[in-house]
Amino acid sequence: MNDKNYCVILAGGIGLKLWPSSTHQKPKQFIDFLGTGETLLQSTYKRIARFVAEENIIVSTNEQYRALVQEQLPRLHSGNLLLEPMRRNTLPSATWATVKIAHRCADARVLIVPSDQMIYDEDHFEEDIVKAFDYVSHSGRLLSLGVMPTHAATNYGYIQMDGVLGSDIYQVKSFTEKPELDFAQLFVDDRGFLWNTGLFVWSSKDFLRYAHEKEAEFPMIDMTDAMAGDGGGVEEIVKNAFSICPNISIERVCLEKSENTDVMLCHFRWSDLGTWHSLYNTMEKDGDMNVVMGGQAMLYDCNGCMVKADSGKVVVAENLRDYLIVEENNVLLICRKDNQNAIRRFVNDVQINMGEKFV
């Protein structure tokens, strides 16, 4: 393993589009959704540890989830757990982690990985990441990783490829986040667009140089030297740094606004696990295209449904098409499976009318 290769696992999200299984107290990354015996965070860590030394794997999460991370990743080095004082989306988290890494290794190559993904073909995944590490080590560019779409998904971002820069590496012409179905279908048919995987690779020095150039999007950048320390007072410095940051994603700055980011066509199969519909797409289905996770179900004339219940519970349903039924954490949710935007409304309404304990 190359000791200049680092990985940052982003594990601070709430994942409320997978409510009521994913909650503020225990978000999706700490849950075994796939029935593998490993949570999404554990699977991500194990996948990365195949080719990045464990002492070079950083986990960034909200301070609320310190105990969950420590319990699920007992091998994680204590200095490699970064506790975000408040939620500010992915860019401030990735910036802080890259600053910490740069103080360990000035010319480190950094892989940014969300903790809520399904990666197939792990050998291809490793090959693609190693190739990406090599590219950023000499190109002076930031690199986003994309995969060829297999269908018109409206909950993914699409990166339009432009001029060829190398083997499977292209300039970025445009980025579209979560398009309407008609546009998503056009992108798929065009074959010139890739799904954004949320994976990024950059060298620490190039990313920090870019951050200084884009100071408006990186207001914490002048505090980075102080943030990199481990001594007394650092916690308050980090809190102050996050408090002045906008709630902004890596994609917004590095893909929508940047001319310094390229895209690599990757060859592993990939799925985001951010919604019930995307989770349904990854699961094994019965002859009627139904998915049952946990518990037991008796489904009569049901097709394309997804059922999740606590162990020992029985769900009986009749004459449903493309419905989601989830019974967990004292909540029963029944809605259209593809009505992803409604979940957030449900959560807000339950929180207001029923109380925090249900979300």
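Visitor: How many disulfides does this model have, by the rule applied here?

Guide: The count comes to zero disulfides, and please keep in mind that this is a predicted model. Take Cys254, which is in no disulfide: the nearest cysteine sulfur belongs to Cys245 and is 13 Å away.

Visitor: What makes the sulfur of Cys305 too far from the closest cysteine sulfur for a bond?

Guide: A disulfide needs two cysteine sulfur atoms within 2.5 Å. The closest cysteine sulfur to that of Cys305 is in Cys302, at 4.8 Å, so the pair is too far apart for a bond.

Visitor: Let's turn to the pockets. How much space lies in the largest pocket?

Guide: The largest pocket holds about 1300 Å³ of space. Its lining has 39 residues, and those nearest the centre are Gly13, Lys28, Asn89, Thr90 and Asp116. Elements giving two or more residues to this lining are helices H3 (90–104) and H9 (250–256), along with strands S4 (109–114), S9 (193–203) and S11 (270–272).

Visitor: Which element gives the largest share of the lining?

Guide: That is S9, with four residues.

Visitor: How do the residues of the lining divide into nonpolar, polar and charged?

Guide: There are 18 polar, 11 charged and 10 nonpolar residues in the lining of the largest pocket.

Conventions:
Residues are numbered from 1 along each chain as its sequence is written. This is a predicted model: local features need pLDDT of at least 70, side-chain atom pairs count only at pLDDT 80 or more; totals for chains, interfaces and linings use all residues. Side-chain values use heavy atoms; hydrogens and water are left out. On a 1 Å grid over the protein atoms alone, a cavity is a set of points where a 1.4 Å probe fits but cannot get out, and a pocket is an open set with protein on both sides within 12 Å along at least five of seven lines; lining residues have an atom within 4 Å of a point. Grid points are joined across faces, edges and corners, and a volume is the space filled by probe spheres set on the points. Ala, Val, Leu, Ile, Met, Phe, Trp, Tyr, Cys and Pro count as nonpolar, Asp, Glu, Lys and Arg as charged, and the others, Gly among them, as polar.
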